[in-house]
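Here is a short tour of a predicted model. Keep the viewer open and select as you go.

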Amino acid sequence: MTTPLSIRVIRDEHQALRAMLDSLRLMLRRQRDQGSTPRFDVIRAMLFYIDEFPERLHHRKESELLFPLIRQHSDAAADILARLDRDHAAGERAIRDLERALLAWEMIGESRRIDFETALDRYLDFYAAHMRLEEEVVLPLAQQVLGEADWRTLDAAFAENRDPLTGHAPSHEYEQLFSRIVRTAPAPIGLGGD
């Protein structure tokens, strides 16, 4: 069986998120090592991307489409799927907490840097474990238990709003955001040297 489009989309979007988070970590490390002023505008844009795409679009497709279909065909991963749904809700709160910690750092100053970096490290660890569980347990199970009609439904839904960082053109409303990120963020996401 060829890999369904929806599974390829999930993996591509996970890779884009990993790259965004790696770039964010790299940019912060470089700025700290160089003693330069953080690019709060770029960090905000990157966090906004995470809030808009992985948190609001990617996770919804998993929690509202993929997970229920798996549950219809198998109870083998019921506890794991429940955990992942809780992770999705926690991820939305965590990104808002990160955005607030960034604002505190920007407004109050260097004394708040450690709070932001600690929150970011927690988020990175949380997300790495979350994506690993989806890729190593849920996606293989889905390939085992879902039928052709299920995959057609999923593939159509996952094709509707593809992440621009996976090589798809952003919608008009997001063009400026993605242009800013690509111009200013460090590799592997962007062209900037921050």
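Select Arg-18 and Glu-135: their side chains form a salt bridge, 3.0 Å from N to O. Arg-18 sits in helix H1 and Glu-135 in helix H4 (residues 113-145), so this pair ties together parts 117 residues apart in sequence. Arg-18 is partly exposed, at 26% relative accessible area. Glu-135 is partly exposed too, at 22%.

Next, select Arg-25 and Asp-121. They form a salt bridge, with the closest N and O atoms 3.8 Å apart. Arg-25 is in helix H1 and Asp-121 in helix H4, 96 residues apart.

Move on to Arg-96 and Asp-51, another salt bridge, with 3.4 Å between the closest N and O atoms. Arg-96 belongs to helix H3 (residues 78-108) and Asp-51 to helix H2 (residues 40-73). Is Asp-51 buried or exposed? Asp-51 is buried, at 3% relative accessibility. Arg-96 is partly exposed, at 33%.

Now pick Arg-32, Glu-110, Arg-113 and Glu-117, which a network of salt bridges links. The whole structure holds 13 salt bridges.

**Stop two: H1 against H5**

Show helix H1 (residues 5-34) and helix H5 (residues 148-160). Their axes come within 7 Å and cross at roughly 40°. That makes H1 oblique to H5.

For the contact, select Leu-5, Ser-6, Ile-7, Val-9 and Ile-10 in H1, then Trp-151, Leu-154, Asp-155, Phe-158 and Ala-159 in H5. The contact residues divide into 8 nonpolar, 1 polar and 1 charged.

Buried residues in H5 include Trp-151, Leu-154, Asp-155 and Phe-158.

Terms used:
Residues numbered from 1 in each chain as written. Predicted model: local features only at pLDDT ≥ 70, side-chain atom pairs only at ≥ 80, totals over all residues. Heavy atoms only, no water. Axes fitted to C-alpha atoms, helices over the stretch in contact; angles between N-to-C directions. Helix = DSSP H or I, 4+ residues; strand = E, 2+ residues; numbered from the N terminus. Parallel < 35°, antiparallel > 145°, perpendicular 65-115°, else oblique. Contact = heavy atoms within 4.5 Å. Nonpolar A, V, L, I, M, F, W, Y, C, P; charged D, E, K, R; others polar. Buried < 20%, exposed > 50% of the residue type's maximum accessible area, 1.4 Å probe, protein only. Salt bridge = Lys/Arg side-chain N within 4 Å of Asp/Glu carboxyl O.
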